[in-house]
Amino acid sequence: MYKGRTTSLIIAAAGKGERAKQNKNKLLVPVLGKTCLERTLSVFCNTNFFDQIIIVCSKDDKKEISALLNDKDVTLVLGGDTRTQSVKNALKKVDTELVLIHDGARPFVSKEIITDCLDTTIKYGSAITAIASRDTMFEVKDGVVTDYLGKDKLYSVQTPQGFNSANIKRAYACAGEETFNDDGEVYKKFIGDVYLSKGDEKNIKITYPEDMLKLGNKEVKIGCGFDCHKLVENRKLVLGGIEIEHTKGLLGHSDADVLTHAIMDAILSALSLRDIGYHFPDADQKYKDADSIKLLEHVLTLIKEKGYKVGNISAVIMAEKPKLKNHIPTITQNLANVLDVTVDCVGITATTLEGLGFVGREEGICVQATALLKEI
Ligand code: CTP
Ligand code: MG
């Protein structure tokens, strides 16, 4: 369901992948333990927008694709000789208001692309994901330039392409045995205008052998975070989820675990997911005396939804007192457990500020943290 509309997804996977030269369908070759089809499917499944998912496959691949799907609620439909025929077969099974049609060979699709495509479909009834041409384009005949087409009006077509289901079904019913470049062309010929939705340079189609290597490329993201809390009497001092014996503790709405707060902000910042003040507002009573480690666990679910996990963390605690030397190993181990990384991926250092400033006067403790995130 997307914004109150029932929504289906068709993944076209019934090709042979001949140009990729893998001796089998390019969508079913595992790269770093995962096939292209699984990668594509997981991006859509993670959105939770779809009531119905249909994969069009060839007779030869049906068994292998069924095995990959485990217990996922996906309908398999047999494809045809062309992509047009494959999509046509799948559309017969669609019984929702909206449908998105996507090439299984575009695994780098994102939630942003899917959302824009669905919003455009709701607004106009059709949506073609596309990107503006980078270069000037011209037409050539027999090795001679016949016409300069420029670049301003030219776009490269991508998928997903979204439609009001009843209309695209009608369009494909009119298409007969004719072959089209994409779904938008079928819609344009038999129904009406197709509207642009925002694509991405990264949303490439795996087509040639060198594209297969790109499936193994993992993105890394870096983020930084900073936090500071006041030291007062009659409060606990908690750092990285560990309570530390001291004459004073940190003041704050939650447990004021300044180290965990800076780490959370670094993690959120790496994926531009705002900050802890946004996710856990201090006006909300729910977070009064909250255990910051629980908040960190929530932050980890947010980055997982985006397809990332923590690679390593580095943080410096600025505190005049207490001496933290003997506490660092316990803090490190605790954070490593929560972050689900080994201890050598959590680097915590501590320093005094040589008596300078508010930290030097023991009025507060500051932490600066950096997080490196890895694509899952
Ligand atoms: N496709 C399909 N049915 C077909 C042909 C293609 O469902 N009869 C799908 C492919 O599986 C792919 C998408 O349409 O996900 C885009 O097609 P393309 O990149 O051309 O893939 P293939 O046809 O498999 O590759 P090739 O043309 O190199 O053989
Ligand atoms: Mg093809």
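Colleague: In which pocket does ligand 1 sit, and what makes it a pocket?
Modeller: Ligand 1 sits in the second largest pocket. On a 1 Å grid over the protein atoms alone, a pocket is an open set of points with protein on both sides within 12 Å along at least five of seven lines, and a molecule sits there if more than half of its atoms lie within 2 Å of the grid points. This is a predicted model, in which local features need pLDDT of at least 70 and side-chain atom pairs pLDDT 80 or more, while totals for chains, interfaces and linings use all residues; side-chain values use heavy atoms, without hydrogens and water. Residues are numbered from 1 along each chain as its sequence is written, with chains lettered from A and ligands numbered from 1 in the order written.

Colleague: Which residues come nearest to ligand 1, and how is the shell around ligand 1 divided by class?
Modeller: There are 19 residues around ligand 1 (a heavy atom within 4 Å). Ala12, Gly17, Glu18, Ser86 and Lys205 come nearest. By class, the shell comprises 5 nonpolar, 6 polar and 8 charged residues; Asp, Glu, Lys and Arg count as charged, and Gly counts as polar.

Colleague: What makes the approach of lysine 205 to ligand 1 a polar contact?
Modeller: A polar side-chain atom of lysine 205 lies 2.6 Å from an oxygen atom of the ligand, and a polar contact is a pair of N or O atoms within 3.5 Å, so the pair qualifies. A backbone N or O atom of glycine 80 lies 3.0 Å from a ligand nitrogen atom, and one of aspartate 81 lies 3.3 Å from a ligand nitrogen atom.

Colleague: Why is the pair of tyrosine 2 and phenylalanine 49 called edge-to-face?
Modeller: The ring centres are 4.7 Å apart and the planes meet at 70°. Rings pair if their centres lie within 6.5 Å, and planes over 60 degrees apart count as edge-to-face, so the name applies. The pair ties together parts that are 47 residues apart in sequence.

How values were computed
Polar contact = N/O pair within 3.5 Å; in protein donor to acceptor, adjacent residues only side chain to side chain. 1 Å grid on protein atoms, 1.4 Å probe; cavity = no way out; pocket = protein on both sides within 12 Å on 5 of 7 lines; lining within 4 Å. Phe/Tyr/Trp six-rings, centres within 6.5 Å; stacked < 30°, edge-to-face > 60°. Helix = DSSP H or I, 4+ residues; strand = E, 2+ residues; numbered from the N terminus.
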